[in-house]
Every structure is written in structure tokens, then in C-alpha cells.
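Visitor: I have a model open here and would like to go through it with you. Could you take my questions as they come?

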Amino acid sequence: MSAPASAPRIWQRFTPGERIARSLLYIVTVVAVVWSIKTIEIIPEFLYDAPEQTADLFKRMWPFDWAFYPKAIHHALIETFHIATLGTILAIVLALPLSFLAARNFTANPLLNLVAQFIFVSSRSVNSLIWALLFVAVFGPGALSGVLSIAFRSIGFVGKLFGEALEEAQRGPIEALTAAGAPKSMILVKGYWPQVEPAFWSVVLLRWDINIRESAVLGLVGAGGIGVALDAALNNLYWDQVGLILAVIFTVVVLTEIVTSFIRSRII
Amino acid sequence: MSAAARPPAFPVSWPVRIAWAGLALYTLYATSILNLTWARFLTGLDNGAKFLARMFPPNMAADKLDLIATGMAESIQIAVLATFFGVLLSLPLGLAAARNLAPKWLSWSARGLIAIFRSFHPVIVSILFVKAVGFGALAGILALIVSSMGFVSKLFAEVVEEMNPKQVEAVRATGASFWNVLVMAVMPQVMARFVGLSVYQLDSNLRNSTMVGIVGGGGIGAPLFTAYQRFDYDVVLTILLIIIALIMVAELVSGRIRRIFQ
Amino acid sequence: MTPPASGESLLTIRNLRKEYRPGQPVLKDISLEIDARGVTAIIGPSGTGKSTLIRCINRLVDPTAGEILMDGQDLAKLSGQPLRMARRRIGMVFQEYNLVERLTVIENVLSGRLGYVPAWRAFLRKFPDGDVARAFDLIDAVGLNQDFATRRADALSGGQRQRVGIARAIMQEPALVLADEPTSSLDPKTSVEIMELLAEISRTRHVPIIVNIHNVELAKRYASRIIGMTGGEVVYDGPPGGLQDSHLKHIYGGEDFL
């Protein structure tokens, strides 16, 4: 069982190809970081001022302008919630059929796959804030623009992840149903859906959570929600109102996380 | 059992039905509350056509492209630095948050810190940093470092918690020191996912760095917003197309990189 | 490794007791002497403390009371550096192989030296040449082809993985090898091959092996001493030839499996 005595055997951890790739990566990373540090403009006076400015900021924020809440914030908060939720629902309705087009095991046409993937990438590349700029220019300021911005940004997110979940569905059950002579619609409902359902809810809950956060800032460019109040307070330098709004946003985000964790543990 | 006494094979799940009905009702309610009428949508579409007309063709004037190039370069720099430092800081923060590695007090504090980092949208954090360190790229970088840490640390902690303890136990049984166990049992399991997370975060930061400029955080957001406010929609289109192209390239490259380290 | 004089005792276990929950001992005052050579097989039903006994020896489980003496040290009382030093000299083979799946075969075998090399060597994978040469020899010795060396552990079959696990344990140049149900995840043919390998290693390298095993036939075939446990106590201790049906009935309770 033992090999004859010969020249000492050398162990190479990486193949030459791997080594080149890894070295290249390290070099590119170092170059990128060094280039960025050298060309970024940092004004030393501002940096020097920073601790004082930060202290000043917190001093002006606290105590919060509690009276501001019922007047402006409560209504805006509800609006933010609706924007986030409706936007998510709209995104799901639009993204779901596209996901089926994008999944290579469901739709065999590579052109359709590509088109759907392209739509998803474009949707993801544009921030919801930038979508908001566009929609405000088209539909005017207000919640309609907000809902569409959230929806258009979320299509890419939901579509990509759901499409991947579809592609990861096991062939076994699908084969069994096809062999039994089931129509395509039934294969979808009884073969694919049960497998991808946990992933679906996971993605939906995650995106809804993120959308609550995003909806809160859309108002900064006029697309409705609590961001409008935030924008007004910032422009007027009413930092105590700003503080209150930030605290409210923080609370809502935390609550949303708790709710989504709870739903997640029950459903998935 | 006679046919009458058997339980139904597919019992109706009333909670689920009620939930779906509730969702449908909610949609109708919210749509009306927000005044999202079909009429408004149609007027909007009309506006939309005019809007698109003003966007085409995209403005390719040399001076504009120059401005855009500077802005994009700055956005890339912001993304690179925010990812580099954010990921570096996420390594210890993520390890501290892992409940199977860190003592309770540490993991709870770390998780609390991560939650705070995640709660605020990068735009809001940018606004605060702009007040603290002034307009410019630094505010954007700091804001995105915070959001990077919120994302990467959390997921990294989950990766560490999902580690297979048996592999670690076996290496410990050989008498290996703590650092040896880390290097030969923990890191091989978590490093691939960590690299994947970092690359994903670079992508995400590239996206976000294009928008922090809207509130003063540097990058292409500022020229974008300026053009927008001046109704120079053809410039806006140029910028958008370049952003989309950049993100697509970045996604392709990051996919490749993740496969190398797989 | 020089062959020990016959009858030389390597490990002395005195009054070993383990309670996972107070008042419910899993090991009840076990006392044993393990020789410095041969294969000792521990048999008994599931949950009877076989695995706990083995894991107390290298302290993957902490005993509640009792002594485990090896080379003049009480393993039960060690911690920190001295414990690591002691563990270096005890190799372990696991039921589920417990290889680091993302590492290659040779990296897993070299892990056996982690008790001896500093962390920077492990990080840069710059193990001493002698160690690397030994690792290749061991990969040979456990019956694997040389081109397995750079394959990732999760690309191997169960039997192949266990061979790597054995190579890792021997890499430590141990004074004792513990094997916790090394064949329970393997098919019958591979189980025989692995037990064959363990017995051969014990013989040629003069290292005693303590094996936990379900399969009584394999135990009788390859062990020179059988310890039967039931309910946390030792109820048989002797050569395989002396193991009668009555003993087995006592150990396993009931006759159905005979």
C-alpha cells in the first residue's frame, strides 16, 4: 500500500490559474482603495469641526418637539405605511409573472429569460429615491408617485430572488405530475408553488421591511409620506422636529422588524 | 369509520381565508385613502409622454459628460471606500454578535448596535453626517459605512452561527490552539460566504452612492438633482443610463468574483 | 513508536461519573485500565454512555467526578495549555468523520499537527516539509490514491472521508486513538474495511485504540478486548471469545436481536 521512495512530494495549495486570479484581485482592491483615498476631497476644516458640530446637532434635537406629532406626523406616518404596503403589493403583482418568464426551468425561451432579467436589473439599478424624482415629475408630488417608486424599485428585488427560488425547485415532483398527465396550470399550482412558497413569503416580508424604510425618505423629494415633514423641518432648521421625526421613524422600523420576525416564525 | 364520520381530507383553513380577504380589503381601503384614482393615473400618463419626450435624446454635450464623469468617479470612490472600511469593521462586529462565539452581554450589545445601524436609511444618515462633517464625499462615505456595517455584520453573524460545530470539535480534539481552530475550522466554513457578502455590499453601495449626493453626500447625485430641478431632463436621462450601465457591469463582475472564491 | 512491554497500562480510569442532569448519572462510577496496545471495543445499546465515556477521556465532555490518569496526569483536572498538550497525544476518529468539508484532504490530514504548529503556519499553509511528507505517506497508508490529496473533503464518499479522518488522527503521532462509532455511518463492506484499517494501524504503529461500536460481530472480529456496557455500568470485560449469548442478553436486554 505504501508508495516507493521517490523525490519529496510538494503540495501546492492553489493552481497557477487560481493564484493569478487571487493576486489580480488583491492588486485591484489595493489600487482601488488607494486611488479613492487620494482623490477624495476632504476639507480639513470641516473634519476638525466635526465633534463640535455633532454635539451641537444633538443639543438642538433634544428635547423633541412633542407637540408636533399630532399635527403633522401622525397622518404622514399612516401615509408612509400605505405607500410601503401598496407599493409592495403592486410590485409582487407585476414581478410574479416576470419571474416565471425569467426562470430557465419554467420558460425555455432564452430571449424571454433575458428580457425579464433585463427588466429586473434596470429596476434594481435605479434607487427608489431616483424613481421618486421621475414619478414626481410625471404624476406630480404625492402618494401616487411614492407608491409607483416603491413598486418599480421592488420589482427587480422580488423578481430576481423569486426567479432564483423557482430555478432551485426540484425536478422530481414536477416530473411526477407531468407523468401523471397534469395540465401546466396544475403543475404550477401543485408542483412549483408548494416548493417556492417559503421563499416567496421570505422575500415578500424582507422587501416590505425594506420598503417601510424607503417610504419614509421618499417625501424628501416630494413623493409623500413622513419624508415631506422631514424635508420641511430640515429646510427650516427645526432640529427638534427633525429629532422627533427620526425617533418616530426608528420606532416604526423596529416595530416592523418585530412584526416581520413574528410572521416569519409562524409561516416559514 | 363510515363515510359520514371521516374528517374532511382538505379542511378549510379559515384564518388563511380571512387573511387573504383582509389583504384585498386593505388594498381597496388604502388606495382610496391615498386618493389613487384612475383619473389621476391617466392624467399622469399624459404627463409621462411629455416627460419622456423631453428626455430623448439623451444629452451628450462634452461639458456635460465631463461633469458626469467626475460625479461618477466620485460615486465609485465613495462606494469603494465605504465597502472597504465597512467590511473591515463588520468582521469583528459580526463575530461579536454571533451567539455561539461571544458571551451574552457582548452578542446582545453588538446586535443592538447593528439594529440601530440598520434602522436608518442611508439618506437620513447622510443628512446627519453632512451636518457633522460638512458637504462632500466624506459624509457619503461615513453614511454608507454605517449602512454597510448594518447589513454585513448581521448576515455574517448568521453565517457564523450556522457553522457546523462538529468540524470545530474535531479540530479542537487534536489539541489545536484557539487561533489554529479559528484558521483551520472556522474560517474555511465562513470565509466564502463573507466574501460573497462583501461583494454584494459593494454592489449595494454603488447603488446607494449614486443617491447620497441628493442630500449633499457627494457623487453623481448632486449633478443629477441639479439637472432635475432645472428641468434638463435630457441630462437626467444620460446620467440614468450611465448609472444603469455601471450597475449592470458591477453585477456581472461581482458574480464572477463570487464564483472564484467559491 | 516502540512497542510497549505487554501488560503496560496506558490509561487508568477511576470512579468516573457523569451526570448531564443532576441525579441522573449516565456513567456510574466506571473504573478501567487500558493497556498500551491492542484494540478495545466498547459495546452496548444506544444511550448507555459509551460515547460519553470516550469523550470524557479527551475532555470533549467534562466528567462530573472521577479520575482519568495518563502519563501521571489526571486528564479530568486539566484545562488550558496542559489540556491541549494532553489532547495532542490522543487522536480521535468520529462517526460523522467531522472533516472540515471545504478544506482539501491534505489540509484535513495536516490539521492533525495543529497542536504542534503556530497559527501563522496554519494560516499561510506553510507546514514544515517533514509534516507534509508524512501527510502524503499517511494518505497512502490509509489506502487513498495520491491524487486525493488536493480534492476537497466534501467530494469524497463516506468510506474515503473516514480514511482521511483516521489519517488525521495518526498524524498526531498519538499515544492513544479514540474512535466514536467509526463505522455507524458506513455500509457493511466499507465498515469491514475501516475496522481492518484500524486494527492494522494499531498493530503496525503500536498504538492502542478504543472503539465504540454497535456491531457486535465486527467487535468480536477485530478487538482483542471487549467491554460491554449497559445502564452506565460495565457488565462485561474480557476477550471476545468469552462473550456469550447470556452476556449479550444482559447488555442489550431481550433476545430479539440475536
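Visitor: Let's begin in chain C: where is Arg59(C) found?

Guide: Arg59(C) is in the loop that runs between α1 (50-57) and β4 (65-70) of chain C. Please keep in mind throughout that this is a predicted model.

Visitor: And what is phi of Arg59(C)?

Guide: Phi is near 65 degrees there, which is a positive value in a residue other than glycine.

Visitor: Is Arg59(C) buried or exposed?

Guide: Arg59(C) counts as buried, because it has 20 C-beta neighbours inside 10 Å, and 20 or more is what the buried class requires.

Visitor: What about Leu237(A), what is its phi and where is it found?

Guide: Leu237(A) has a positive phi of about 60 degrees although it is not a glycine, and it is found in the loop between α9 (226-235) and α10 (239-267) of chain A. With 10 C-beta neighbours inside 10 Å, Leu237(A) counts as exposed.

Visitor: Switching to peptide bonds, which residues does the cis bond in chain B join?

Guide: In chain B the cis peptide bond joins Phe56(B) and Pro57(B), with omega about -10 degrees, and Pro57(B) lies in the loop between α2 and α3 of that chain. In chain A, the peptide bond from Trp62(A) to Pro63(A) is cis, with omega near 0 degrees, and Pro63(A) sits in the loop between α2 (44-61) and α3 (68-102) of chain A.

Visitor: On to helix packing: at what angle do α5(A) and α6(A) pack?

Guide: Helix α5 (residues 128-139) and helix α6 (residues 143-167) of chain A pack at an angle of about 140 degrees, their axes being 8 Å apart, and the two are therefore oblique to each other. The crossing of α5(A) past α6(A) is right-handed.

Visitor: Which residues make that contact?

Guide: Among them are Trp131(A), Ala132(A) and Phe135(A) of α5(A), along with Ser145(A), Gly146(A) and Ser149(A) of α6(A). By class, the residues of this contact divide into 9 nonpolar, 4 polar and 1 charged.

Visitor: What else is Ala132(A) in contact with?

Guide: Leaving aside its neighbours within four places in sequence, Ala132(A) is in contact with residues including Leu218(A), Val221(A) and Ala223(A). Ala132(A) and Ile245(A) are also the residues with the most contacts inside the largest nonpolar core, which has 132 residues. The largest share of this core, 14 residues, comes from helix α6 (residues 137-161) of chain B, and apart from it lies another core, of 84 residues, among them Leu11(C) and Ile90(C).

Visitor: How many residues of chain B are in contact with chain A?

Guide: There are 41 residues of chain B in contact with 46 residues of chain A. On the chain B side, α10(B) gives the most, with 8 residues, and the class division of that side is 26 nonpolar, 11 polar and 4 charged residues.

Visitor: How does α10(B) pack with α3(B)?

Guide: The angle between α3(B) and α10(B) is about 40 degrees, with their axes 11 Å apart, and that makes α3(B) oblique to α10(B). In their contact, Lys64(B), Ile68(B) and Met72(B) in α3(B) meet residues of α10(B) including Val235(B) and Leu246(B).

Visitor: One last thing, how many residues apart in sequence are Leu67(B) and Pro223(B)?

Guide: They are 156 residues apart in sequence and 7.7 Å apart in space, C-alpha to C-alpha. Leu67(B) lies in helix α3 of chain B and, with 18 C-beta neighbours inside 10 Å, counts as partly exposed.

Methods. Residues are numbered from 1 along each chain as its sequence is written. Chains are lettered from A and ligands numbered from 1 in the order in which they are written. This is a predicted model: local features need pLDDT of at least 70, side-chain atom pairs count only at pLDDT 80 or more; totals for chains, interfaces and linings use all residues. Axes are lines fitted to C-alpha atoms, for helices over the stretch in contact, and angles run from 0 to 180 degrees between N-to-C directions. Helices (H or I, at least four residues) and strands (E, at least two) are DSSP runs, numbered from the N terminus. Angles under 35 degrees count as roughly parallel, over 145 as roughly antiparallel, 65 to 115 as roughly perpendicular and the rest as oblique. A crossing is left-handed if the near helix is turned anticlockwise from the far one by less than a right angle, and right-handed if clockwise. Two residues are in contact if their C-beta atoms, placed from the backbone, lie within 7 Å. Ala, Val, Leu, Ile, Met, Phe, Trp, Tyr, Cys and Pro count as nonpolar, Asp, Glu, Lys and Arg as charged, and the others, Gly among them, as polar. A nonpolar core is a set of buried Ala, Val, Leu, Ile, Met, Phe, Trp, Tyr and Cys residues joined through C-beta atoms within 7 Å. A residue is buried if 20 or more other C-beta atoms lie within 10 Å of its own, exposed if 12 or fewer, and partly exposed in between; C-beta atoms are placed from the backbone.
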